[in-house]
4 protein chains.
Amino acid sequence: MYSFCNDYSEGAIPMIMERLQEFNKKQNPGYGMDEICDKAREKIQEVLQCPTCDIHFLVGGTQANLTVIASALRPYEAVMAADSGHINVHETGAIEASGHKVVIVDSADGKVSVEGIYEEVRRHCDEHMVKPKMVYISDATELGSVYRKAELQALRKTCDALGLYLFMDGARLGCALTASDNDVSFADLCKYIDVFSIGGTKNGALFGEAVVIVNEQLKKDFRYMIKQRGGMLAKGWLLGLQFLSLFEDDQYRKIAAHANAMAQKLQTAFVDCGYSLFAKSSTNQIFVILPNEVIKKLEKEYAFQFWEKVDATHTAMRFVTSWATPEAVIDEFITYLKQI
Amino acid sequence: MYSFCNDYSEGAIPMIMERLQEFNKKQNPGYGMDEICDKAREKIQEVLQCPTCDIHFLVGGTQANLTVIASALRPYEAVMAADSGHINVHETGAIEASGHKVVIVDSADGKVSVEGIYEEVRRHCDEHMVKPKMVYISDATELGSVYRKAELQALRKTCDALGLYLFMDGARLGCALTASDNDVSFADLCKYIDVFSIGGTKNGALFGEAVVIVNEQLKKDFRYMIKQRGGMLAKGWLLGLQFLSLFEDDQYRKIAAHANAMAQKLQTAFVDCGYSLFAKSSTNQIFVILPNEVIKKLEKEYAFQFWEKVDATHTAMRFVTSWATPEAVIDEFITYLKQI
Amino acid sequence: MYSFCNDYSEGAIPMIMERLQEFNKKQNPGYGMDEICDKAREKIQEVLQCPTCDIHFLVGGTQANLTVIASALRPYEAVMAADSGHINVHETGAIEASGHKVVIVDSADGKVSVEGIYEEVRRHCDEHMVKPKMVYISDATELGSVYRKAELQALRKTCDALGLYLFMDGARLGCALTASDNDVSFADLCKYIDVFSIGGTKNGALFGEAVVIVNEQLKKDFRYMIKQRGGMLAKGWLLGLQFLSLFEDDQYRKIAAHANAMAQKLQTAFVDCGYSLFAKSSTNQIFVILPNEVIKKLEKEYAFQFWEKVDATHTAMRFVTSWATPEAVIDEFITYLKQI
Amino acid sequence: MYSFCNDYSEGAIPMIMERLQEFNKKQNPGYGMDEICDKAREKIQEVLQCPTCDIHFLVGGTQANLTVIASALRPYEAVMAADSGHINVHETGAIEASGHKVVIVDSADGKVSVEGIYEEVRRHCDEHMVKPKMVYISDATELGSVYRKAELQALRKTCDALGLYLFMDGARLGCALTASDNDVSFADLCKYIDVFSIGGTKNGALFGEAVVIVNEQLKKDFRYMIKQRGGMLAKGWLLGLQFLSLFEDDQYRKIAAHANAMAQKLQTAFVDCGYSLFAKSSTNQIFVILPNEVIKKLEKEYAFQFWEKVDATHTAMRFVTSWATPEAVIDEFITYLKQI
């Protein structure tokens, strides 16, 4: 049974697997202080066109989020996020466990609004309330949408005006930057964002997220934070090796573009079959409202995820593709769907 | 230049690398809920002769330690450890960051003493002081020594008498269980210890630690804790695959025995050359007191680690071997050493 | 200028001030282990008709809330509260600083709904999300409303069904239990609630909140938690003395009834003058929607608090009375109001 | 039975009790934003000869310590203290509960040594260990000793050289500044210390500690920290009133001098009777080694505290005096002692 449940079902791209064999018995210094990590950092700086940013490699996304936020904020400071933000819903309170409140701001399609930020900063007006100090956004969002360059510029301007840090969770950054409606480049990120992550886990790596720190104020002693929160991999070269592979020859964007193409093909097929979308996505996650009996039939051959109950007879379901999704599988699925 | 700096310089044993290629493109459920993880858990339960223990796979050692301790203790409860304990010295305050004090107990050769435990429990007598609730030991210890079965029994008895949990950090468990002076078996662990880890990172895996929870009281909702602390690997099957490989055909002990043998050969050579030991080790880490000029000469060809200044002209240095250390390298080193 | 800004502007009732003089130079054991505290605990147990509950005295409300919640919950467990709940809005993230998420549940008039609890427990279904474990309610609520006995019974039933603790913040409990629409007695509290506080600060004391723990599971080592969080008063007898005075001769309810009567007289006057209420209160806080020019005139003679902007020309304002509010002041205010 | 158990057995000096009656029914703004607090702050600034320091009033000592430390340090930073330091022993892990390790430094007579600080900073050399960032000292120390001006200067120089904050816990500051061997003035404190507390609880107040922040870097948003940690007293004027009274007419030092004189008289009597001192104190706590049968006889008439077992027949006991200890009681005690 083929699974569209998520984008981390499979392993890594061939180049990573080859290099892993090659480097496996070489000796390397620990904790990311090795040559492969250095090369990977340089390569990413080059792609980002930002030679001054700091780059750290961490194992997972929740770990990256909690380490960045715990490092940046003083105890009474809060991070603002959309209601659907990963840190708000799906990290088992990791941010609160580090002592910080997640303040929900107005959002649409998973995207934080500038008005929402102003409103929350205005509401939190004295020392009886937390002090919002960081804005957390995800690109692509948890609903499959992406930020336009004008939106990032507006967020930057807002954060500058209000003295806030802007943090982008890039767990699905590859899919964001290759979406049909995207106009943001790698180089733009360092212009508008203070700190962001580049997701490997969901885009071609076995595991790993790169944290890119652009703002000088956030750079100090970040390695202490990684170590304290349990995120410093002893064999750190494993992460360097993967990110180096992902950023050579534009692999990172190429494989993400494939994932998007597969998901979009699926989405189009659903629409063609007359089903409506729960959210319009341009990336590798799609959200479709389906009659419950259709779901039952699809589940005989495919795995995919419950998203939300819509009414007594309809449910929104999520389908996710990845760098590894074969087009043949998509075609078979569409054939099967049309038969129903 | 060959490095004896640590036991995590190289990658994984061949079986792991093969299986990685094999499983790379298969689809697997996320977060350790897959078949390979199930098999690995069953295999380890079998080796431990303990079908009722819970087994969880985490990425690293600090993460395993902080998650176990944060899960087991109420906010005012403390963990006791030797002064040299990894959680006390080398985890950047990860335990304190989870809110708990590390109370230092009397120890010798890195091993916690029963008297020390009694003394600290007696001293912490009311609500103005933390309440010691857990004993943390490492086997092998940070100084290369191992616990004898009688010592574990005495610790168990002490913990039962005082209402304490006994937690063993098994980052180097393989080397402990195959040391020449060891009389502890895998099956003994579940008899005497409430919760322990089985280190993969330092013994043949790319990364990974298995946490084994024997005590029923410590089992509840441990997966919530893993997720919250950022330790739940999306592609959890990577960990299952590695631990399954390590525990088949007694690989875990076989490769550790090799690491021990290499270190012991080194240690003997140092003693034969007339150098004294800083600590007498029976495992894969050895600690030798060397004249500073000897160190300088050795450093031309080999890397190894500063441990402690002994006097104006002597320094204690640490040499570590691993599953991957070739005997030929050891022989060359000894030849070189004898020439000095 | 008279202030209706809050209910903690003045000091303590005469009996407390007298006893303070009397006890000032006597020697007493520290930390609440003295005879006056013992007597106060017994007196409260008697009033509550619950001889088995534990009673602790803390200095302030935020401290009481954070200590109770940090003591009751494991790290990944969350507390549910109304959006307007004090712990959610006005404690500078004290709960999150202790590591726990505050999950917002559906509410009306500041009161948590049973459906809201069920909905949130249903939504938080696996280890990627926090686990709701406690329901926080305030009586009187932050909007001046009170819980009916049937509502408490329904909450109790819900908490039993879902395995949740029910925690009542009684910062304004006196006003709640003496509201015109109240049918809850002191004795009912121990029947339906697991742990609650009895506010002194806002009802006749210089400072102090009594925490009453009914549920056996929540009693263990609570004094350790108080001490760790900085809430254990050295001269604890100051708190015992105050609570003993408040609970003798039913003082606690008598003075709260006065505060309510004063506020209700104000509310009636506003309604009589044709102004509408932002929320209908039966306790000592009232919320009135006033034209901005009326506010300006009132502010010349009286202080009161901004609550919320309603429209371009109207604002909701809060007026609070206390045990010390003289009826003459209320009468003068009403005369002044009618002139406007 | 008269108690020498501690210095917080009695209440407050007469001036405080009088003013309390006077202010009790006046209305005051909450949370320390009132006129009495303003006056108290000005008065203390004047006495300290430091018009630019920030002054905050908190209820208790543990609360003051944890709030200052949690506010000053980033998550991986640690505070250094003597083994006997209050934060290390008697605050139930409050500092660790705020996430920070207490690193023990070499000390003598309860006083932190400069060499000890250098040694610990040297040992904590990379991101695998916490980063010492603050030095915590108590004056008077927990063993009754006081810092000389030259010692404070040396600590200041050390902290400047190493980039550390110097924090003084002044729970018994009055007794320190009036000890016979003291040469430190109020004005010196702001010259050498970054942040310190002035204890009220143990020197004439009902309760209360003033936190004085001299270093600009530590001032920002301290009120947020106070509120978050539960230390912001609603009726903050109670604290202002007490500190204003304590600092008028040099009361604070006068009453402390009395406490010292009483303790010193006791200490001299013990020495005259041939008993040896466990620690030589110049302040209001004294530590005497007594034969166990003498202790039994003294305990028939007086209460005092066990400190440490010395040998099979001798025990070190602590006797504490306060501003309220009558000289007649001391004289009676000495008569009784001599009879034994």
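Across the interface of chain A and chain B, the rule finds 30 residue pairs in polar contact, both residues at pLDDT 80 or more. A polar contact here is a pair of N or O atoms within 3.5 Å; within protein, one must be able to donate a hydrogen and the other to accept it, and residues adjacent in sequence count only if both atoms are side-chain atoms.

Some ground rules. This is a predicted model: local features need pLDDT of at least 70, side-chain atom pairs count only at pLDDT 80 or more, and totals for chains, interfaces and linings use all residues. Residues are numbered from 1 along each chain as its sequence is written, chains are lettered from A and ligands numbered from 1 in the order in which they are written, and side-chain values use heavy atoms, with hydrogens and water left out.

Back to chain A and chain B. The salt bridge count between them is 0. A salt bridge means a side-chain nitrogen of Lys or Arg within 4 Å of a carboxyl oxygen of Asp or Glu.

Which elements give two or more residues to the side of chain A that touches chain B? They are β1 (2-3), α1 (14-23), α3 (61-72), α5 (94-97), α10 (222-228) and α11 (237-247) of chain A. Helices (H or I, at least four residues) and strands (E, at least two) are DSSP runs, numbered from the N terminus.

The contact takes 43 residues from chain A and 43 residues from chain B. Contact means heavy atoms within 4.5 Å. Together the two chains bury about 3,800 Å², with 55% of it on carbon and sulfur atoms. That buried area is the accessible area (1.4 Å probe) that two parts lose on being put together, summed over both. In chain A, the residues that lose the most area to chain B are A:Tyr8, A:Gln27 and A:Lys235, together 18% of what that side buries.

Now symmetry. A rotation of 180° with 0.0 Å of shift along its axis superposes chain A on chain B, RMSD 0.0 Å. The same surface serves both copies: 100% of the contact residues of chain A recur in chain B. Copies are superposed by least squares on the C-alpha atoms of residues with pLDDT of at least 70 in both.

Next pair: chain D and chain B. A rotation of 180°, with 0.0 Å of shift along its axis, puts chain D on chain B at RMSD 0.0 Å. That is the relation of a two-fold axis. Again one surface serves both copies, and 100% of the contact residues of chain D recur in chain B.

Here 17 residues of chain D are in contact with 17 residues of chain B. The pair buries about 1,300 Å², 52% of it on carbon and sulfur atoms. D:Thr92, D:Glu96 and D:Lys101 supply 40% of the area that chain D buries against chain B, more than any other three residues.

How many salt bridges cross this interface of chain D and chain B? The rule finds 2. B:Lys101 forms a salt bridge with D:Glu96, the closest N and O atoms being 2.6 Å apart. On the chain D side, α4 (86-89) and α5 (94-97) are the elements that give two or more residues.

Last, a look inside chain A. A:Asn260 lies in helix α12 (residues 251-272). Buried or exposed? A:Asn260 is buried, with a relative accessible area of 4%. The cut-offs are under 20% for buried, over 50% for exposed, and partly exposed in between (1.4 Å probe, protein chains only). Leaving out residues up to four places away in sequence, A:Asn260 touches A:Cys175, A:Thr178, A:Ala179, A:Ser282, A:Thr283 and A:Asn284.
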